[in-house]
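Morning, everyone. I have one model to walk through today, so please bring it up on your screens.

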Amino acid sequence: MRIFPRGAALVGRGAEQQRIDAVIAAARAGRGGALVLRGEPGVGKSALLGYARGAADGCAVMAVSGSQFETELPFAALHQLCTPLLGRLPDVPVPQREAMEVALGLAKGRPDPLGVGLAVLSLLASAAGDRPVVCLLDDAQWLDTASAAAMTFVARRIGVERIAVLFAVRPQAEASGLDELPALPVDGLTAEDSRALLSAYSYVPLDPQVRDRVVAEARGNPLALLEFPKGGGFGPPDALPMGSRIERGYRERLAGLSAGARMLLTVASADPTGSAALLWPAAQRLGLQVPAVAAEAAATGLAEFGARVRFCHPLARSAVYGAADPRQRRAAHRALAEVTDAATDPVRRAWHRAQAAAGPDDAVAADLERAAMTARSRGGVQAVAALLEQAAALTLEPGARIERSLDAAHANLDAGRFDAAADLLAVVNCHPLDVAQRARTERALGGLALIHRDDRNGAAFMLQAARRLAPLDPVQARECLIEALELSLSAGCASATLPGLLEEAARTPRTDRETDALDALLALVDDGHRKAAPLMRCALERAGEPLWRRWPSLSIMLATELWDPEVHAVITASLLAVGRASGAPMPLRVGLAQAAQQAVLTGDLDAAVAAIVEEEAIADATGAPPLVYHRLQLAAMRGRKADVELLQPRAGAPASGQLRANFTWTAAVLHNGLGDYPAALDAARSATSSDDLFLTGMALPEHIEAAVRCGEEQEAAAALDRLAERVDGSRTPTGLGVGAYARALVTGDEDDFREAVRWLQDSTLIPYRARAHLLYGEWLRRQGRRRDARRELTTAHTMLSRHGIEAFARRAADELRATGQHARRRTAQGLDQLTLQELHIARRAAAGATAPEIATQLFLSPRTVEAHLRNIYRKLGISSRRQLREFGIAQHPPGGDAERT
């Protein structure tokens with residue numbers, strides 16, 4: 001049903017029509033794009049989408065409308081949109097196809113949201129191969145979260161596809177990601193255009209005074225202009241919002257209807273699917289005379305009854321639903337629950353049962369709890385939270401209601417709905433709680449505070465929870481403290497929370513003697529690294545399951561303190577695997593960031609670029625800012641000062657803690673590579689000043705080198721003592737090697753340089769292995785032993801240049817030149833023109849990867865990858881993949897011994 005007849009000209013919308021025409025024309029030409037129409041209810045967004053449908057002549061038009069009753073049901077809108085394309089599903093790559101099948105309920109499993117988004121993109125791109133595709137999404141503020149995320153993903157990735165996506169959304173609506181897309185404000189009509197609209201669409205002549213009053217009160221809202229003359233719209237000026245005044249007009253049409261017709265409209269308004277297959281059986285269960293009441297209801301013009309039930313406007317649906325008394329609404333939902341298949345649609349059935357409940361009902365609450373588990377298995381984290389909230393509200397028994405409220409609070413935390421979680425916890429906190437419930441509440445409040453980097457309140461809540469749990473369950477008490485430390489590390493505020501957490505851990509009783517992370521950290525603080533190292537290793541590899549399965553940030557910190565790159569690599573691989581298995585964007589991005597950092601430390605800069613590019617692709621596809629610190633580390637290791645300076649404002653300069661140490665350690669690496677030792681010393685001093693866990697140990701070698709070069713021998717010796725405490729305790733070959741070359745810088749003892757080279761000869765940390773040769777070669781040259789220096793410097797230069805560690809490689813080249821030998825220049829200088837994403841695509845393509853393979857990794861369409869390749873060819877002055885391979889940029893395997901020149 002349409003307020004504006006199909007094909008009718010719109011009044012006063014010339015500029016808006018031009019924007020829509022431009023988006024559709026661009027899509028026809030292979031320059032896909034999106035447009036978000038924003039405006040108040042009734043202002044004409046749906047009419048403009050109707051215009052877009054008509055303007056898309058010759059295109060495949062796919063339309064879906066969000067429903068305020070479906071916002072809690074995962075992938076509900078996507079199911080409507082993609083059902084016509086399911087015949088193309090076999091052509092979609094297998095991982096994407098499997099994700100889509102799970103999302104649409106065609107297969108069991110947990111859907112990968114990114115895989116679903118890419119599958120939708122692939123389906124639409126496949127359809128666009130036949131003819132351009134135009135997607136129209138009305139009332140996008142009511143799209144379920146999963147569908148909204150998938151469609152905003154698509155809207156961000158269609159730059160070279162024959163696809164246009166148009167959203168219509170209300171102002172200030174919290175529609176995920178839409179704020180970042182091109183917007184088209186839809187405002188009210190002018191008085192002149194309002195009068196023209198009334199003249200064009202009024203069915204009876206209007207008295208000029210009546211017309212002017214309608215125009216004044218409608219304030220340019222087209223729907224109000226058309227509805228007010230039908231009665232019920234007038235009232236004191238500005239007494240109600242425009243949407244409410246229009247709804248009042250719709251409710252006026254219900255006057256005089258029979259009880260049966262009103263009940264039929266109420267049932268229709270309560271069913272968000274618009275399915276006639278549900279409406280008519282539900283109506284029969286209510287004893288309605290279907291043919292008669294359907295004809296009477298349709299005569300109001302509020303809804304039309306066909307294969308699908310459609311209201312003339314979303315405000316008409318809400319007006320009908322709001323006009324029904326609570327008893328009628330409950331009866332409608334009860335009938336709909338009875339005709340909804342519990343096996344195929346348990347979530348919707350449970351939701352209808354909840355709406356039908358007149359008060360607390362433990363059976364309905366249990367049904368909602370089971371539905372939440374179903375929604376969780378389908379990746380609907382928002383739905384899980386909403387269903388558990390309803391379950392808690394309908395639970396009669398107080399203890400069970402509190403437990404379900406706490407479950408709902410944790411689900412809201414998982415869904416990123418922090419305000420909702422805080423509200424639930426505040427309500428729970430007002431009730432009488434037993435000790436375990438109070439501790440669970442405080443633990444959740446502490447976690448919420450730490451997520452917001454509120455270390456003072458976060459630590460206080462966590463400590464109080466642990467104290468309550470200690471007499472009841474010491475294992476849970478210690479786990480609460482470990483969780484607090486994990487969250488603190490993730491938020492970068494562990495420096496502030498660690499002392500209090502460890503003080504409480506020392507008082508918490510034990511039920512077993514197996515060493516845990518708290519024991520290790522207590523020993524580290526009290527006795528130093530030498531005594532704590534065995535306990536740290538024991539905590540990492542304790543029986544049952546490795547520490548990193550549950551507490552990855554804490555595990556990475558311990559592995560770093562141990563200078564153990566092998567364990568760090570295992571943790572990183574596990575974190576990345578968990579991120580990919582979860583399907584949730586943020587855990588995967590964190591795993592990729594750790595993989596990039598691991599690759600930087602091992603000198604596999606190709607792998608680092610690949611991980612960074614994938615993380616950025618996910619961030620871009622989901623509308624989130626990319627993570628920065630691992631990009632800073634890569635830029636620093638490559639010696640790209642301009643890149644570091646470009647990234648630093650985005651990273652910020654944290655005042656304290658691990659984030660500051662990360663920032664300043666990175667700067668120290670950069671400046672040591674560039675030979676700017678005063679700047680390196682300033683940065684290293686900042687990185688090591690507070691002796692924080694995690695990165696202080698990594699920054700100490702930079703501190704020692706910079707201090708020696710600046711003639712600060714005493715400062716270098718003091719930093720060496722701190723480093724020796726760490727590496728002597730861990731006794732790993734990498735740690736001992738780095739400690740040996742740092743010691744050699746201070747002592748000038750050749751045996752220390754040789755020991756460093758020997759310890760590091762098999763280390764996976766290529767930059768540190770190469771730097772041992774570089775420092776030894778520099779020392780030999782200064783001793784006048786040119787021939788010996790050339791050997792070490794050539795080895796260093798080959799390793800460093802081969803792995804793209806450019807600043808340190810230039811240092812080696814300069815030293816070689818001073819011995820009378822010139823280093824081989826790095827080829828393929830044109831690569832500096834490429835962005836990280838282009839460099840990654842070029843290397844993958846040169847190695848033989850197909851466009852679809854590259855597209856899958858970067859969450860792009862194959863057509864977009866081909867467009868990137870054309871741009872790469874232009875920058876490099878080549879014209880084919882063959883020439884790209886000849887350019888010598890195919891990805892090389894990581895690691896390996898240095899080649900000799």
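**The sheet and its surroundings**

Start with the open sheet: five strands, ordered β2-β3-β4-β1-β5, with parallel pairing. Strands count as paired if DSSP finds at least two bridges between them. The edges belong to β2 (60-65) and β5 (183-185). Each has a single partner strand, so one side of each lacks a neighbour in the sheet. On average, neighbouring strands are turned by 15° against each other, direction ignored.

A word on provenance. This is a predicted model: local features need pLDDT of at least 70, side-chain atom pairs count only at pLDDT 80 or more, and totals for chains, interfaces and linings use all residues. Residues are numbered from 1 along each chain as its sequence is written, and side-chain values use heavy atoms, with hydrogens and water left out.

Back to the strands. β1 (residues 33-38) pairs with β5 in the parallel sense, over three bridges. There, R38 stands opposite P185 in β5. Helix α2 (residues 45-55) lies across β1, β2, β3 (133-138) and β4 (163-169). Its angle to β3 is about 165°. Axes here are lines fitted to C-alpha atoms, for helices over the stretch in contact, and angles run from 0 to 180 degrees between N-to-C directions.

**The whole chain**

The chain holds 45 helices and seven strands. These are DSSP runs numbered from the N terminus: helices are H or I with at least four residues, strands E with at least two. Of the 901 residues, 56% count as buried. Buried means under 20% relative accessible area, exposed over 50%, partly exposed in between, with a 1.4 Å probe and protein chains only. Now contacts, meaning heavy atoms within 4.5 Å. Among those between residues at least 6 apart in sequence, 66% join residues at least 24 apart.

**Cores**

Which residues have the most contacts inside the largest nonpolar core? They are V165, F167 and L884, in a core of 137 residues. Such a core is a set of buried Ala, Val, Leu, Ile, Met, Phe, Trp, Tyr and Cys residues joined through side-chain atoms within 4.5 Å. Helix α5 (residues 113-128) gives the largest share, ten residues. Leaving aside neighbours within four places in sequence, F167 contacts residues including L35, V36, L37, L137 and M151. A second, separate core has 46 residues, among them M462, A470, L547 and M557.

**Two buried residues**

Take D516. It lies in the loop between α24 (494-507) and α25 (517-527). Is it buried or exposed? D516 is buried, at 4% relative accessibility. Its side chain makes a polar contact with the side chain of R478, at 2.8 Å. That term means N or O atoms within 3.5 Å; within protein, one must be able to donate a hydrogen and the other to accept it, and residues adjacent in sequence count only if both atoms are side-chain atoms. The backbone nitrogen of D519 lies 2.9 Å from a polar atom of the D516 side chain.

Now L605, in helix α30 (residues 605-622). L605 is buried too, with a relative accessible area of 6%.

**Cysteines**

C135 is buried, at 0% relative accessible area.
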